[in-house]
Amino acid sequence: MAGSDRTGHPTRAILVFFDTLNRRFLPPYGNDWVHAPNFRRLAERSATFGNCYGGSMPCIPARRELHTGRYNFLHRSWGPLEPFDDSMPRLLGEHGVHSHLATDHQHYFEDGGATYHTRYSTWEFFRGQEGDPWKGQLADPDIPEAVRLLRGERWRQDWINRGHLEREEDHPQSRTFDAGLDFIEANHAQDNWFLQIETFDPHEPFFTYKQYKDLYPHAYDGPHADWPDYQRTTERPQAVEHVRYEYAALLSMCDRSLGRVLDAMDAHGMWDDTLLIVGTDHGFLLGEHGWWGKNIQPWYDENIHTPLFVWDPRTGVRGERRDSLVQTIDLAPTLLEYFGVERPQDMQGVPLRETTASDVPVREAALFGSFGGHVNVTDGRYVYMRASASEDNAPLYEYTLLPTRMKGYFAGAELRDAELAAPFSFTKDCPVLRVPVHGQRSTHHHGSLLFDLDADPRQERPLVDDEVELRMAGLLTALMRANDAPASQFERLGLPREGDVTREHLLVRRQRASAERAAAALPDEDDLPQGRIHLRSPLSTLLAEPAATAAIETAVPGLLSNPRVATLGHVTLRELAAMAPAVLDGPRLRAIAEALATVP
């Protein structure tokens with residue numbers, strides 16, 4: 001059974017986990033305009049990690065890492081903890097450590113996340129984030145004119161929910177931290193507990209209150225904008241700036257909540273015997289690289305290079321920077337080690353005690369990515385983003401014993417083709433379902449990319465360097481092998497499952513033209529030819545005109561037969577290009593504009 005540490009002090013731990021926390025908006029990481037005094041205060045009381053990276057993306061895959069201490073994106077998309085998975089809070093419980101989760105993260109309570117919260121000894125959930133199906137209202141809510149293309153049921157529900165969150169104390173973030181502080185108040189004199197305070201904020205929508213918005217005065221007279229679609233930025237600069245301020249306002253609310261935890265630790269004298277970790281799953285693109293959001297573009301630095309703060313009372317390190325390469329997979333081993341619980345052999349992460357103490361390195365390279373997307377590696381200086389070798393992004397399979405995704409089960413048509421596959425090294429001798437994946441969004445059009453963060457920290461100038469790529473591809477392949485990646489992933493990426501990586505396997509130079517095409521900004525509508533029918537017309541209008549349909553088919557054959565296009569009749573072609581660059585990029589958009597200009 002876990003107990004007091006070797007000094008006789010009680011062992012307690014607190015993890016404050018945010019969602020979508022962009023490190024470049026935090027003062028300890030160089031930001032000089034965001035109001036976040038408590039993050040400054042935290043940095044003064046802890047070790048600030050400068051080279052922390054996410055691993056399996058996005059939200060729920062990252063939380064699976066938080067439990068299991070190993071990468072999962074090469075085998076599985078968004079999904080629950082599997083029957084064979086190790087779970088850090090469950091392991092703590094088995095060794096006498098009470099774990100408590102206070103969260104407003106609604107994805108835990110959907111089909112694709114429903115096995116996480118039940119691993120804790122006790123848990124609390126607070127409703128209302130991001131279109132959470134919370135309040136039942138049949139009448140349409142009042143929704144202002146807004147910048148939002150994808151206006152489904154989640155959009156409508158979010159506006160219903162906002163009507164019940166008029167006061168800051170009603171906000172799910174506030175209630176989550178209230179619950180965490182209640183746990184501290186009730187248990188600060190007790191031993192052997194782990195508290196996870198986890199808020200969905202500052203994830204979009206960037207809904208917050210006037211006192212936080214007032215911290216960022218600026219001129220903006222456009223439509224409501226606090227929930228950007230995941231797409232290319234097409235807005236004017238003032239609108240992009242406004243959304244960035246909306247994000248900053250919500251971050252400042254998060255900062256106040258963090259300060260409440262620090263106040264509680266001060267009030268109860270907990271710094272001598274309580275481990276504190278503050279981190280996030282990933283960041284968010286707020287106009288950088290010409291993009292909003294995540295998932296549909298490469299995992300740029302703003303999204304994957306994450307903030308991490310660790311106070312370990314055993315080391316006493318505070319106000320210092322740590323530059324060793326660490327990841328989300330290290331958090332579970334760190335917590336297990338702190339409570340004296342042996343780390344399972346399937347955990348790939350490493351306890352961060354010695355790294356916190358004296359910056360002892362724990363890895364040469366870090367793996368990251370999302371299922372079916374780029375597979376990426378960094379050594380702390382170079383970042384290598386490996387795209388699929390072919391446009392069809394195949395072969396690709398899900399490996400699971402619980403076939404659910406975010407909001408539902410795998411479709412019957414998918415499961416009819418499922419087969420029972422041999423166990424992997426980490427499935428505890430359990431065979432798993434192998435389910436073929438077709439139509440997965442491919443990042444092939446972005447090409448394979450290589451960046452030098454020392455020379456190009458904003459990743460604006462991709463390299464073509466065969467020697468560096470060869471070394472990074474070797475690191476990537478070694479990490480995939482260590483993760484027991486499926487043979488299909490090596491084939492999809494054009495890498496050898498056995499043997500050396502050679503120059504024949506390099507892709508950056510071969511895919512350079514595609515990468516440049518994908519990175520090019522969309523042409524401005526004012527710079528394109530205009531006719532009676534033009535790019536500002538919704539797709540539904542264009543499809544109603546046979547001459548326009550014929551012109552589009554001539555310019556970009558097959559575009560209108562794409563099933564995704566058929567569902568987006570309310571958007572314009574330029575908006576489609578922003579949302580789905582693999583379907584319609586800048587040069588093709590110009591070709592369509594020229595063709596439409598000739599329609600009488």
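Predicted model: local features only at pLDDT ≥ 70, side-chain atom pairs only at ≥ 80, totals over all residues.
Residues are numbered from 1 along each chain as its sequence is written, and side-chain values use heavy atoms, with hydrogens and water left out.

Q: At roughly what angle do the axes of helix α5 and helix α7 cross?
A: Helices are DSSP runs of H or I with at least four residues, and strands are runs of E with at least two, numbered from the N terminus. Axes are lines fitted to C-alpha atoms, for helices over the stretch in contact, with angles from 0 to 180 degrees between N-to-C directions. The axes of α5 (residues 172-187) and α7 (residues 237-267) come within 10 Å, and they cross at roughly 10°. Since angles under 35 degrees count as roughly parallel, that makes α5, relative to α7, roughly parallel.

Q: How many charged residues does the contact of α5 with α7 have?
A: Contact means heavy atoms within 4.5 Å, and residues of α5 including Phe-177 and Asp-178 meet residues of α7, among them Met-253 and Arg-260. Ala, Val, Leu, Ile, Met, Phe, Trp, Tyr, Cys and Pro count as nonpolar, Asp, Glu, Lys and Arg as charged, and the others, Gly among them, as polar. By class, the contact has nine nonpolar and three polar residues, and the charged ones number two.

Q: Which residue in β21 is the bridge partner of Tyr-384?
A: Two strands pair if DSSP finds at least two bridges between them. Strand β15 (residues 382-386) and β21 pair in the antiparallel sense over four bridges. In β21, the partner of Tyr-384 is Leu-450.

Q: Why is the pair of Phe-109 and Phe-125 stacked?
A: Rings of Phe, Tyr and Trp (its six-membered ring) pair if their centres lie within 6.5 Å; planes under 30 degrees apart count as stacked, over 60 as edge-to-face and the rest as tilted. The centres of Phe-109 and Phe-125 are 3.8 Å apart, and the pair is stacked because the planes are at 15°.

Q: Is Arg-119 buried or partly exposed, and with what relative accessible area?
A: Arg-119 lies in the loop between β4 and β5. Buried means under 20% relative accessible area, exposed over 50%, and partly exposed in between (1.4 Å probe, protein chains only). Arg-119 is therefore partly exposed, at 23%.

Key: Parallel < 35°, antiparallel > 145°, perpendicular 65-115°, else oblique.
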